[in-house]
Amino acid sequence: MSAVIAGCKVNLGLRVTGVRPDGYHEIDSLFYPLARPCDQLKLRITETPGIVVRCEGPAHATLDENDNTLTRAYAAFAAAAACPTPGLEVTLRKGIPSGAGLGGGSSDAAALLRWLNSRATAPLDAQALAAVALTVGADVPFFLHEGPCRVRGIGEIVEPVRPDLSGLRLVLVCPDIHVSTQRAFADYDAHMASVEGRESQNNLTRDQSKANGTFLSQGRFDADLDNDLETVVFARHPELADIKATLLRCGATAASMSGSGSSILGLFGREAIVETQSATAMLQGENRRVYAHVL
């Protein structure tokens with residue numbers, strides 16, 4: 001029996017930079033890994049070919065145990081590997097909320113791919129493993145890396161970076177709200193096709209100098225935390241806008257939705273200990289989980 005911990009990620013800014021002919025949206029974002037919240041995978045090699053997935057925790061009722069990122073990652077690795085892939089039983093203990101913009105399913109898939117590759121008699125090289133990861137999900141290649149990365153395209157362009165966050169404090173609020181990524185992008189497309197959306201497109205075009213440039217300036221983190229999906233997601237879930245406003249009132253220098261939501265993060269200064277404690281206490285509740293990090 002092996003146990004693997006799969007952390008999550010937050011988006012420090014997200015810009016939608018285009019739509020491909022196949023309907024996939026291209027983005028430009030700084031992905032930052034966090035240790036909490038996290039999932040745990042317990043893996044046991046079996047004599048029976050294939051993979052069996054069982055889920056524990058809040059997501060167990062909604063996870064399709066026959067078709068999920070773990071089953072797809074296993075099948076993709078087995079198809080690409082030059083050696084037999086052992087039968088596997090996986091017990092997934094969910095700690096990362098789903099529909100939160102934290103990449104939980106992608107992190108699980110990447111953790112399994114790394115584990116399988118580390119035990120293969122003929123392991124895949126980094127490029128081949130990343131190609132397998134991309135077939136599982138757009139965010140999976142990022143989770144093969146250990147640190148923050150600038151992610152572009154549909155997730156296939158992953159550039160490790162070393163942003164100087166200089167001990168900033170991060171408060172992450174995870175409300176009990178599930179946001180569909182597919183719905184968020186569909187709402188974004190509809191918004192951009194409207195009169196107001198065309199006006200926003202003009203603004204987006206003017207902002208492309210940033211999107212085509214960098215999130216870093218002389219190594220210093222230089223993103224404004226703008227998330228192009230916030231407008232449409234907040235319209236469906238006004239509570240998320242309230243959480244963002246509360247973080248800013250508590251002293252956050254910047255706040256933003258992570259990914260397609262529903263998690264909201266706030267960045268605080270190094271010395272803002274009281275402020276982060278106040279924000280955590282104020283936002284913690286029965287239907288919310290709050291995590292404080294020092295970056």
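Which residue in strand 12 is the bridge partner of V171?

1. First, some ground rules. This is a predicted model, where local features need pLDDT of at least 70, side-chain atom pairs count only at pLDDT 80 or more, and totals for chains, interfaces and linings use all residues. Residues are numbered from 1 along each chain as its sequence is written, and side-chain values use heavy atoms, with hydrogens and water left out.

2. Take a look at strand 7, residues 169-175. Strands (E, at least two residues) and helices (H or I, at least four) are DSSP runs, numbered from the N terminus. Seven of the seven residues here are buried, so strand 7 is largely enclosed by the rest of the structure. Buried means under 20% relative accessible area, exposed means over 50%, and partly exposed is in between (1.4 Å probe, protein chains only).

3. In a regular strand the side chains alternate between the two faces of the sheet. In strand 7 both faces are covered: R169, V171, V173 and P175 are buried on one side, and L170, L172 and C174 on the other.

4. Now for the neighbours. Two strands pair if DSSP finds at least two bridges between them. Strand 7 runs antiparallel to strand 12 (residues 288-294), with seven bridges, and A292 is the partner of V171 there. Strand 11 (residues 264-268) is also antiparallel to strand 7, joined by five bridges, and L265 in strand 11 partners L172.

5. Elsewhere, A130 sits in helix 3 (residues 126-136). A130 is partly exposed, at 28% relative accessible area. Its C-alpha lies 8.2 Å from that of E156, 26 residues apart in sequence.
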